[in-house]
Amino acid sequence: MPYSNNIQEIDILYRTYVQDLFAYASYLGFERETSKDAIQDIFYKLCMDTQSISRINNKRFYLLRALKNRLLDIYKQTRETATLPEDENGTLLPFTIQVTVEDELIREEDRELIRTRIGQMLQQLTDRQREIIYLRYTQELSYEEIAQLMDITVPATRKLCHKAITRLREYPHLLFLLLTTGVI
């Protein structure tokens, strides 16, 4: 009976987090099929060891971490043929956010202007700053979880987030757009 319960729990986890996992993989710059394969791989691994699900405290964090690790493994396996750009900090995976505007704003005439301005503002951030903003405010991860996921210390996580927000504050009218469109 525990086997059946664990499979059901894995199914619920999949249904709950698959969209967030796919978005995260896409933001990391991976192709659609690679992202889907990596997500399937982590759930396959959970299904093969159904007892492991009961040992996981924070399931969302575990899934994000497992996905990033699986994507890095895939990248390492294919890096002879594919190259990803590095930023000034040596980040291998560029983190890009494609902003989606709420339906009400899409219907307005100036949706392209808003999207352009938000994109310009986010481009002022480094890849790591964009990633930390996404993890902190969209995925609502703690600084400790972000530090583990990004392989940096908690103080470095706080500092990076602070720098990103400080940078965004240089554009108060655009920061308002980000807040009202749900990006952060």
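So, R128: this one is buried (under 20% relative accessible area, where exposed is over 50%), yet R128 has no salt bridge. By salt bridge I mean a side-chain nitrogen of Lys or Arg within 4 Å of a carboxyl oxygen of Asp or Glu. The nearest side chain of opposite charge is E131, 4.8 Å away; for charge, Lys and Arg count as positive, Asp and Glu as negative, and His and the chain ends aren't counted.

Quick caveat: this is a predicted model, with local features needing pLDDT of at least 70, side-chain atom pairs pLDDT 80 or more, and totals for chains, interfaces and linings using all residues. Residues are numbered from 1 along each chain as its sequence is written, and side-chain values use heavy atoms, leaving out hydrogens and water.

Back to R128, which sits in helix α6; helices here are DSSP runs of H or I, at least four residues, numbered from the N terminus. What lies 3.1 Å from a polar atom of the R128 side chain? That's the backbone oxygen of M150.

Now, α8. This helix has 16 residues and reaches 22 Å from first C-alpha to last, close to the 22 Å expected at 1.5 Å a residue (that is, 1.5 Å times one less than the number of residues). Its buried residues are T157, L160, C161, A164 and L168. They're on the same side of α8 because they cover an arc of only 95 degrees around the axis, taken from the directions from the helix axis to the C-beta atoms. Over on the other side, P155, K159, H162 and R169 are exposed.

Definitions and conventions
Helices (H or I, at least four residues) and strands (E, at least two) are DSSP runs, numbered from the N terminus. Buried means under 20% relative accessible area, exposed over 50%, partly exposed in between (1.4 Å probe, protein chains only). A polar contact is a pair of N or O atoms within 3.5 Å; within protein, one must be able to donate a hydrogen and the other to accept it, and residues adjacent in sequence count only if both atoms are side-chain atoms.
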